[in-house]
Amino acid sequence: MMDQMRSQLGRVRGLGSNKHGVGHWWAQRITAVALVPLSIWAVVSAVSLTGADYTTFQAWISEHGNLVLMLSFVVAMFHHANLGMQTVIEDYVHGEATKITLLITTKFIAAIGAISCIVATLKVALTG
Amino acid sequence: MAAANRPLSPHLQVYRPQITSFISIMHRLTGVAMAFGTILFTYWLASAAYGAEAFERAQSLMGSWFGLVVLLGFTFSIYFHFANGIRHLFWDVGKGYEMETVRKTGWLVAIFAIVATVATWATVCPWIGGA
Ligand code: HEM
């Protein structure tokens, strides 16, 4: 009954294959664009930190540029990875309950990962 | 037909391997591998919040053979996914769709990923005069 009262558009809205339309697609592209320079920086940094001790690492991450780029990299990467895993799960998992469980688990892991990276970065950079 | 028995696309039994499908599958594999890799990355970064001893333990784990194998996989994955990600972004603005171009850029991605991985490791490898 309720469904009959809704307009055609109202019914179809948000009912694409991944059920949340174009926002997901855009966020995946925007984080991808951000990750192009950020991942070059990340690889160069990782190479330069090969075998670094704590003091070296602490000095490195306290530099303003590195601090900002590390936080940007972490945010873009976890967001992008979460959106990507969402696509993959939606492609392969068809049971509704399993799918929802996996999607929520992925989101939680991505959120906790991002938060612990952000907190650790700030803590080491600002308090040593 | 029951939903679970529908044929998958591409139909794997009758599908001739091609550079295009190979690269596409690899994009997904490297993306998923790196998504799992973020857990190790988080461990490494968070270890620094626990102080010098914990961070240096994480650093030596990265230098162990286990760590080196994972980091090698990470290096290849990020270069591959990076290059093919840019290829995707070109498609998104409607460029590079000619079949010939699609094949060429596919090969370019694979070659770039291998060459960049070797070059990166050469700069840190003590046997080839790196750090
Ligand atoms: C280096 C810069 C990166 C670029 C340019 C990039 C680009 C892209 C693009 C354009 C897509 C969408 C592909 C599609 O529509 O099929 C994608 C998917 C994905 N990306 Fe990335 N990405 C990058 C880094 C990363 C990183 C660091 C991770 C993980 C930590 C990651 C994980 C994923 C995952 C899991 C997917 C979903 C794969 C799929 O749907 O097949 N990406 N990436």
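User: How far is the polar side-chain atom of A:Arg29 from an oxygen atom of the ligand?
Analyst: That distance is 3.2 Å. A polar contact here is a pair of N or O atoms within 3.5 Å; within protein, one must be able to donate a hydrogen and the other to accept it, and residues adjacent in sequence count only if both atoms are side-chain atoms. Note that this is a predicted model, where local features need pLDDT of at least 70, side-chain atom pairs count only at pLDDT 80 or more, totals for chains, interfaces and linings use all residues, and side-chain values use heavy atoms, with hydrogens and water left out. Residues are numbered from 1 along each chain as its sequence is written, while chains are lettered from A and ligands numbered from 1 in the order written.

User: What about A:His80 and B:Arg28?
Analyst: A side-chain N or O atom of A:His80 is 2.8 Å from a nitrogen atom of the ligand. For B:Arg28, a side-chain N or O atom sits 2.6 Å from a ligand oxygen.

User: Which elements give two or more residues to the shell?
Analyst: In chain A, helix 3 (21–48) and helix 5 (64–92); in chain B, helix 1 (19–49) and helix 3 (65–92). Helices (H or I, at least four residues) and strands (E, at least two) are DSSP runs, numbered from the N terminus.

User: How many residues surround the ligand?
Analyst: 24, with a heavy atom within 4 Å as the cut-off. The closest are A:Arg29, A:Ser39, A:His80, B:Arg28 and B:His81. Chains A and B both supply residues, so the site is shared between chains.

User: And the shell by class?
Analyst: Eleven nonpolar, eleven polar and two charged. Ala, Val, Leu, Ile, Met, Phe, Trp, Tyr, Cys and Pro count as nonpolar, Asp, Glu, Lys and Arg as charged, and the others, Gly among them, as polar.

User: Switching to packing. At what angle do helix 1 and helix 3 of chain B pack?
Analyst: About 130°, with the axes 9 Å apart. Axes are lines fitted to C-alpha atoms, for helices over the stretch in contact, and angles run from 0 to 180 degrees between N-to-C directions. That makes helix 1 of chain B oblique to helix 3 of chain B. Under 35 degrees counts as roughly parallel, over 145 as roughly antiparallel, 65 to 115 as roughly perpendicular and the rest as oblique.

User: Which residues make that contact?
Analyst: Among them are B:Met26, B:Thr30 and B:Met34 of helix 1, and B:Phe74, B:His81 and B:His88 of helix 3. Contact means heavy atoms within 4.5 Å. By class, nine are nonpolar, nine polar and one charged.

User: How do helix 3 and helix 4 of chain B cross?
Analyst: At roughly 150°, with axes within 9 Å; helix 4 covers residues 99–124. The two helices of chain B are therefore roughly antiparallel. Their contact has 17 nonpolar, six polar and one charged residues.
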